[in-house]
Amino acid sequence: MHQSDDSALALIPARGGSKGIPGKNLKTVGGVPLVARSIQAAQASSLVRQVVVSTDDDAIAATALEYGAEVVRRSGDLANDTASSESALLHALDRLGTDQGLPPSVVFLQCTSPFTTGEQIDRVLAALQQEGVNSAFAVAPWHGFLWREDGQGINHDPQQARQRRQDLEPAFLETGAIYAMRTAAFQACGSRFCSPWKPVVIADSGPEIDTPSDLELCRSLAAIRPE
């Protein structure tokens, strides 16, 4: 890692509780805990100068320190099921800002995306260097026919001749893996989407882990993907 005028702080919220997968952030993919995989991705970025994990959990804090991250402890009310990720990020920035100057950019990484890379982080952070952009986030191309529950098409008209998938209007799915914000803009607006924002296409972001079957899929992929 090196420091520069466009350097960034990586923040990784990792609470101890999870209903879908108990202890999710310490589950391993490729033999490495999920929180540690996010730390390693941030450390591989050429723009990130500091990696911080925000947690309420002793075991996660110990793992974060073991893998070279700093830790900001947060209280239970910032780590329950109703607390937003933004509340954890803002709390960490407040804590860090009392001891040091904050870098101009912050990148928010989610442990549920185990295949994030340093190069992908750099691509999302680079979008912030474009004039007028206050936030950027990873998206993946989406090629499919979307429907509403009432039977109406969202990106197609089922009463018209069936389009080829490649002829659909281009659409992109928010991956949930990487969000980057101008620090001052984020502190002012309190949302990861600080207008104006820019999606950054990351074609091979890998699955996101929400369920036990997602976890097993990612473990299987880790066994065959080059690291």
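## The loop with Pro 196

Pro 196 sits in the loop between helix 5 (183–189) and strand 9; helices (H or I, at least four residues) and strands (E, at least two) are DSSP runs, numbered from the N terminus. A cis peptide bond, with omega at about -10 degrees, links Ser 195 to Pro 196. As background, most peptide bonds are trans.

This is a predicted model, in which local features need pLDDT of at least 70 and side-chain atom pairs count only at pLDDT 80 or more, while totals for chains, interfaces and linings use all residues. Residues are numbered from 1 along each chain as its sequence is written, and side-chain values use heavy atoms, with hydrogens and water left out.

Seven of them form an open sheet in the order 5-4-1-6-8-7-9, with mixed pairing; two strands pair if DSSP finds at least two bridges between them. Strand 5 and strand 9 (197–201) are at the edges with a single partner strand each, so one side of each has no neighbour in the sheet. From one strand to the next, the twist averages 30 degrees.

Both senses of pairing can be seen here. Strand 4 (residues 48–55) runs parallel to strand 5 (residues 70–73) over 4 bridges, with Val 52 opposite Glu 70 in strand 5. Strand 7 (residues 135–142) and strand 8 (residues 171–182) are antiparallel over 7 bridges, and Val 139 has Glu 174 in strand 8 as its bridge partner.

## Helices on the sheet

Strand 4, helix 2 (residues 58–66) and strand 5 build a right-handed β-α-β unit (with the strands pointing away from the viewer, the path from the first strand over the helix to the second runs clockwise). Helix 2 lies across strand 4 and strand 5, at about 160 degrees to strand 5. Contact means heavy atoms within 4.5 Å; axes are lines fitted to C-alpha atoms, for helices over the stretch in contact, and angles run from 0 to 180 degrees between N-to-C directions.

Helix 3 lies across strand 1 (8–13), strand 4, strand 5, strand 6 and strand 8, and runs at about 130 degrees to strand 1.

## The largest pocket

The largest pocket has a volume of about 380 Å³. On a 1 Å grid over the protein atoms alone, a pocket is an open set of points where a 1.4 Å probe fits, with protein on both sides within 12 Å along at least five of seven lines; lining residues have an atom within 4 Å of a point. Grid points are joined across faces, edges and corners, and the volume is the space filled by probe spheres set on them.

Of the 22 lining residues, Pro 13, Arg 15, Lys 24, Ser 85 and Gln 110 are the closest to the centre. Helix 3 (85–97) and strand 6 (105–109) are the elements that give two or more residues to the lining.
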